[in-house]
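Morning, everyone. Please take a look at the protein on the screen. I'll walk you through it briefly.

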Amino acid sequence: MPRISPETPVSKAKPVITSETPTEVDADAPEEVVESTTAEKPFLVYVEDPAGTGEKFDAIQKVLLQDERVAYGSRAFTAVRMTPEEAAGDPLIAAKGKAVPRFVVVSADFSMVTSLEGNALNAGAVWNAMKATSDKFFATSLESCVRAMKDTILDLDKIEGERKVLEDKKTRVAAKGTETEQKLVEAKLAALEERKQKVMDKQRAVWELKPKAA
């Protein structure tokens, strides 16, 4: 997906006719349809040199992209990586910043474009831009989504810990335990799997975001 900017410009609406409207305006002319140019999600664009190396590259890969707020919050966006050449060919992205690497946050209606580069290219600044753009479009705040996501991750980690304990017990019981003990462990493992599925369903639901206008 090398292009972010909409291919077709928004059309103009039919003029409003009043008593002061010049007579050459045809009030009976067909009304032009005003097309809504809005994407399903806002965009989070990362402009990078595919062969990039050095401190800036490492800072983005090992710090910025690993930040929980940015990593989890990106699920509310259509995440796009662009080469400098692709960015230069996109009207919206090309108009906002020239540095490589940089992040560009674009609103779903393409009206707000925020470029983060240089000293502004850090996890806190990217997160603030993401939050402002997402919260303007979606009914649920991005911060609450990230918080809920963290909770599900903790739940899944806890379940995984319990599963390992039960798997070890299953091995021991299979060697020396009774059939009743084996069935009990199997039942606990099955219940644990059900818990895991519920948490995963909850996790998916976190990102089923609805626009404010919906």
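**Burial, fold and confidence**

Of this protein's 214 residues, 31% count as buried. Buried means under 20% relative accessible area, exposed over 50%, and partly exposed in between, with a 1.4 Å probe and protein chains only.

This is a predicted model, so to speak for it: local features need pLDDT of at least 70, side-chain atom pairs count only at pLDDT 80 or more, and totals for chains, interfaces and linings use all residues. Residues are numbered from 1 along each chain as its sequence is written, and side-chain values use heavy atoms, leaving out hydrogens and water.

Now confidence. pLDDT is the predictor's confidence in each residue, from 0 to 100. The average here is 87, and 85% of the residues score at least 70. Over residues 10-25 it is below 50. Residues 29-34 are also below 50.

Next, the fold. There are seven helices and four strands. These are DSSP runs, numbered from the N terminus: helices are H or I, at least four residues, and strands are E, at least two.

What is the order of the four strands in the open sheet? It is S2-S1-S3-S4, with mixed pairing. Two strands pair if DSSP finds at least two bridges between them. The edge strands are S2 (78-82) and S4 (113-116). S1 (residues 43-47) runs parallel to S2, joined by five bridges. In S2, Thr-78 is the bridge partner of Phe-43.

Last, helix H5, residues 123-137. H5 packs on the sheet and touches S1, S3 and S4. Touching is contact: heavy atoms within 4.5 Å. Thank you.

Note on methods: Axes fitted to C-alpha atoms, helices over the stretch in contact; angles between N-to-C directions.
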